[in-house]
Amino acid sequence: MGSKYPPSVRCWLPLWALTLEVALILIFAFFTTYDVPSGNQKQILGTYQVLQDFTVMAALGFGFLTTSLRRHGWSSVGFNLFMLALSVQWATLLDAVLEQPFQKKVIISLSRIRLATMSSMSVLISADAVLGKANLVQLMVMALVEMTAFGGTRWISRQIIRVNSHEVTMNIFVFAAYFGLTVSWCLSRALPSGLDKKVQTEKVQMARSSCLFAMLGTLFLWIFWPSFNSALLVKGSERKNAVFNTYYALAVSAVTATSVSALAHPQGKINLIHVHSAMLAGGVAVGPSCHLISSPWLSMVLGLMAGLIAIGAAKCQLVCLNRVLEIQDYSGVHATFGLPGLLGGFAYIVMMAHQVYWNPLIGYQVLTDVGDLCLAVAMGMASGLLTGVILNLKIWRAPHEAKYFDDQTFWEFPHLAVGL
Amino acid sequence: MGSKYPPSVRCWLPLWALTLEVALILIFAFFTTYDVPSGNQKQILGTYQVLQDFTVMAALGFGFLTTSLRRHGWSSVGFNLFMLALSVQWATLLDAVLEQPFQKKVIISLSRIRLATMSSMSVLISADAVLGKANLVQLMVMALVEMTAFGGTRWISRQIIRVNSHEVTMNIFVFAAYFGLTVSWCLSRALPSGLDKKVQTEKVQMARSSCLFAMLGTLFLWIFWPSFNSALLVKGSERKNAVFNTYYALAVSAVTATSVSALAHPQGKINLIHVHSAMLAGGVAVGPSCHLISSPWLSMVLGLMAGLIAIGAAKCQLVCLNRVLEIQDYSGVHATFGLPGLLGGFAYIVMMAHQVYWNPLIGYQVLTDVGDLCLAVAMGMASGLLTGVILNLKIWRAPHEAKYFDDQTFWEFPHLAVGL
Amino acid sequence: MGSKYPPSVRCWLPLWALTLEVALILIFAFFTTYDVPSGNQKQILGTYQVLQDFTVMAALGFGFLTTSLRRHGWSSVGFNLFMLALSVQWATLLDAVLEQPFQKKVIISLSRIRLATMSSMSVLISADAVLGKANLVQLMVMALVEMTAFGGTRWISRQIIRVNSHEVTMNIFVFAAYFGLTVSWCLSRALPSGLDKKVQTEKVQMARSSCLFAMLGTLFLWIFWPSFNSALLVKGSERKNAVFNTYYALAVSAVTATSVSALAHPQGKINLIHVHSAMLAGGVAVGPSCHLISSPWLSMVLGLMAGLIAIGAAKCQLVCLNRVLEIQDYSGVHATFGLPGLLGGFAYIVMMAHQVYWNPLIGYQVLTDVGDLCLAVAMGMASGLLTGVILNLKIWRAPHEAKYFDDQTFWEFPHLAVGL
């Protein structure tokens with residue numbers, strides 16, 4: 001079945017992946033070295049803990065986040081891990097070269113790997129928007145281009161606009177979301193007319209087990225989000241505030257998500273996929289300003305607004321994104337990361353502008369913050385468009401549109417009947 | 001389908017939840033402030049780790065613990081998170097007010113959030129007994145009443161009976177179990193005669209995937225239980241003993257649970273749901289005395305007894321609780337938390353009485369410990385009865401009995417056939 | 001159904017398990033005591049974290065790793081926990097007696113429990129090869145014999161061959177793999193001729209949900225593997241190197257596994273079970289030498305080779321192991337732990353031999369390392385053969401061959417139709 005649709009990727013994928021992997025090994029062999037041992041055992045323990053939290057978020061959280069499409073669970077988890085493993089290697093090199101461009105050897109330290117894991121989450125977010133429409137070679141290309149573009153954006157923000165490291169990294173959500181949506185738009189195609197509509201609809205439906213797996217992924221992200229938001233802050237008091245604010249914002253957005261979702265259904269039933277999207281929105285929205293907020297109510301308001309926006313976006317995107325733009329963002333990247341990320345950016349700018357009132361000297365900084373947010377969105381869309389164009393090339397042997405959102409294109413099944 | 005049964009909760013749930021959320025935000029705005037930064041970075045790291053362990057237990061562990069009912073998985077996980085997020089907010093305020101009643105501003109610190117997460121586990125335990133019989137508005141009311149009642153019980157124990165913080169918190173299991181069972185009893189109703197018996201039986205059966213999800217939740221609780229039992233102990237040696245004893249008690253009760261479960265079946269087959277109940281019983285039973293036991297064999301004996309009792313209770317409750325009292329405790333709250341909690345309480349009292357033999361001065365303390373345990377059970381039942389009466393009011397628009405234990409009452413499904 | 005096949009284990013299992021448990025409690029009562037409190041709070045925190053990582057790996061990781069057989073998920077997870085809980089108790093005693101043979105009381109400390117958890121992973125690995133062919137009494141016997149044999153191997157390595165603690169423990173993979181495969185070979189039997197071939201084939205197939213559970217287990221192992229490889233190293237710089245090298249080896253083997261798996265299928269489809277096997281191979285292969293490698297490229301090469309070997313082994317074993325030797329290693333123990341473990345052993349020896357060139361004095365040590373690796377394989381096979389012979393005795397009431405790989409032999413199902 002299906003032998004006429006997908007061009008075989010039998011040699012294509014191993015060829016590209018192994019070539020890339022060998023190239024990476026050679027670069028690592030010539031240009032990297034490990035950190036000289038430093039004495040501070042305690043700090044290493046702390047950094048290692050955070051790194052582990054990140055890996056749980058990246059591998060388990062983002063992996064299972066999009067398993068709710070009933071026919072696409074294996075690809076979600078499997079491809080996610082592939083991209084994570086690849087992106088971390090590339091990000092380690094790239095970050096180091098961009099930060100210290102004229103050194104002979106890149107020094108690999110725990111905090112560099114931690115940062116690389118953080119950066120590679122941008123790929124995982126974007127991939128959520130594209131998953132189901134691209135094969136693994138395409139995703140590999142996307143990962144490399146996106147890591148490079150994100151590295152470039154970070155470099156411009158830090159070196160030219162001079163924004164601090166925490167803010168730069170918190171732009172990851174808007175960058176990744178708009179990158180992913182643009183790529184997804186480029187890969188969208190009208191279905192061939194002769195196709196069974198019912199099968200197509202059924203593919204993107206949720207099922208009982210698959211939604212529980214998605215809930216598992218969402219919960220991992222929800223639990224470890226405070227680690228993510230506080231990781232790059234240096235001062236102890238700022239880290240503590242970041243943990244507090246993220247915690248309360250997430251709590252409020254979980255409550256909001258569940259309750260408001262009922263409002264959007266004629267019979268008051270809750271949509272679990274909307275809840276998945278919206279309960280993380282609070283963490284995203286509070287990200288850029290989490291270290292500045294000094295009282296829980298502000299972060300709770302942000303969480304409430306993020307939850308409302310995310311549920312609204314999840315409900316509207318069926319019409320706006322999926323029908324009009326044909327982006328087919330079934331996993332709700334726009335609702336979870338796009339709009340709440342923008343909200344978070346605005347909140348940070350408003351908070352800085354409010355401080356200008358007391359201290360006019362930082363007025364210039366507000367402008368740079370606005371510029372930085374715009375840069376992230378613009379770079380995301382521009383590099384996404386570029387990636388989309390590249391991915392539409394014939395050489396990647398993309399899956400046929402009729403095979404979108406289907407594990408069977410990529411994975412060996414014992415036989416077709418064993419589906420559920 | 002079903003349109004005549006459940007009164008719409010379309011506006012009901014959002015109305016109540018958002019009103020409550022806004023009220024909480026206002027209270028937080030006027031009466032809370034963050035902790036002033038203290039210098040001890042190391043301690044913060046440790047507290048944060050424990051808080052994270054707790055959140056994993058609460059969100060993942062308790063969430064997936066009761067997914068074994070095949071038609072009720074989404075509600076188990078979704079409602080659990082909703083209640084956790086809400087209870088933590090309420091508990092932070094309540095604990096602070098009860099502890100330092102005449103302060104102008106409540107100071108929010110990491111250890112207060114940790115304690116709030118601990119307290120809100122009582123709601124999650126009780127909800128396991130009620131799940132499937134109440135809608136989200138009812139559960140919300142229950143969470144608020146229970147947190148308040150538990151806060152009150154804690155306050156009486158600490159301020160009037162003068163029991164230490166660890167013991168007070170370890171009563172959470174008996175309090176929560178008997179609270180939940182009483183509420184569940186109030187909500188139990190005979191099935192309407194015209195109903196399809198087969199569908200009703202099928203609803204409370206386990207299925208292959210759903211039991212694996214329940215196992216996942218149980219394992220998370222099993223793994224992180226030592227963190228729970230040792231969290232409130234201050235002295236390093238006591239914490240270490242608590243970890244050791246909990247670890248061994250859990251190991252023995254897991255072995256006992258699996259093997260004795262086979263004895264209860266005519267063909268020697270093991271019942272996975274009984275195992276879920278019983279393997280956690282060891283951790284519950286060793287809780288109150290885990291810091292006092294100075295040799296592993298005692299905690300192992302406690303684990304063995306707890307495992308035996310829990311399997312016995314799980315087997316008997318089909319007759320005693322479910323048929324006679326019609327409580328329908330399908331998730332085994334009584335077997336996991338009720339009876340083992342009582343066993344733990346008795347073990348602690350015996351251990352204290354044994355010390356009286358050597359040091360008669362602490363004789364009075366044994367009495368207070370007995371009183372404290374009775375107080376927890378009595379308060380649990382009394383406030384449970386009150387809650388049950390409140391939840392039976394018409395204004396909450398409770399689901400019809402025919403819709404008990406069914407996700408479809410609350411969640412949007414693509415269509416009914418997509419079940420498994 | 002099936003009433004004539006499986007001899008009842010109704011009393012058999014509880015009888016043996018409870019007797020053993022009581023015996024263990026008595027031994028603990030007379031011969032163990034807890035650690036005297038030491039002052040170093042920080043170190044305790046670190047050890048506890050690592051212990052928790054190990055428990056997650058052992059209970060969740062190894063538990064869910066082999067759930068991909070569609071009819072065997074409950075047994076995989078349930079039996080795994082039973083064996084873990086039992087082995088840890090036995091290992092605590094055994095390790096202590098072997099290390100300090102003439103002490104009156106065994107002192108139980110956190111690091112001893114950590115080591116016991118590590119040792120008991122050997123049982124979990126072997127059990128993966130045997131699972132589906134043995135009942136719980138047999139697995140219990142196997143766990144006791146294997147822990148004793150592994151304890152003996154460790155003792156010979158440490159006391160007679162004088163290998164350091166890290167190397168000794170890293171031999172766990174080859175020991176456990178060849179032990180398990182030998183036992184599995186002893187329990188393999190030709191199917192009775194009158195049996196339905198289709199049912200037998202269907203049993204060992206993967207299904208959609210069960211493979212996602214297996215992915216979950218694999219990811220837990222993948223994430224926490226750096227903790228495993230670095231746990232027994234004392235020096236901070238060695239630990240850090242171990243974490244780095246394991247991290248990169250795992251990343252490369254994940255990429256390799258996914259891409260090369262496509263090469264092995266005529267239509268270029270990826271086999272998820274092969275990927276499960278191969279993505280962990282990197283961590284196994286880098287284990288023995290992870291603290292010596294001072295540049296990432298070497299560990300990446302090891303990861304690449306391990307991934308290739310594991311995919312090759314997974315593909316070939318269908319012919320070599322399963323058909324010729326009739327071992328039926330469906331969960332890929334040989335591909336994940338056996339061959340990559342040997343590769344890791346060779347890599348370590350080559351690395352040591354390379355150092356001989358510069359420092360001929362350590363030439364003798366290379367010989368001991370070769371001897372140590374051979375000892376692990378030989379002891380694994382010898383004790384596996386012994387265990388296999390013991391397990392074939394009639395008294396354990398082994399399941400009938402027709403009931404291999406089937407949960408229904410051991411677990412209570414509501415009714416047979418509720419399968420998926």
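T218(A) sits in helix α9 of chain A. Helices are DSSP runs of H or I with at least four residues, strands runs of E with at least two, numbered from the N terminus. This is a predicted model: local features need pLDDT of at least 70, side-chain atom pairs count only at pLDDT 80 or more, and totals for chains, interfaces and linings use all residues. Residues are numbered from 1 along each chain as its sequence is written.

Me: Why is T218(A) called buried?
Reply: Buried means under 20% relative accessible area with a 1.4 Å probe, protein chains only; partly exposed lies in between, and exposed is over 50%. T218(A) has 0% relative accessibility, so T218(A) counts as buried.

Me: Which residues does T218(A) touch, not counting residues up to four places away in sequence?
Reply: Contact means heavy atoms within 4.5 Å. On that basis T218(A) touches L65(A), H276(A), M279(A) and L280(A).

Me: How many residues of chain A and chain B are in contact?
Reply: 62 residues of chain A contact 71 residues of chain B.

Me: What is the count of salt bridges between chain A and chain B?
Reply: A salt bridge needs a side-chain nitrogen of Lys or Arg within 4 Å of a carboxyl oxygen of Asp or Glu. The count between chain A and chain B is 0.

Me: Which elements give two or more residues to the side of chain A that touches chain B?
Reply: They are α2 (41-65), α9 (208-230), α10 (236-263), α11 (272-286) and α12 (296-316) of chain A. α10(A) gives the most, with 20 residues.

Methods
Chains are lettered from A and ligands numbered from 1 in the order in which they are written. Side-chain values use heavy atoms; hydrogens and water are left out.
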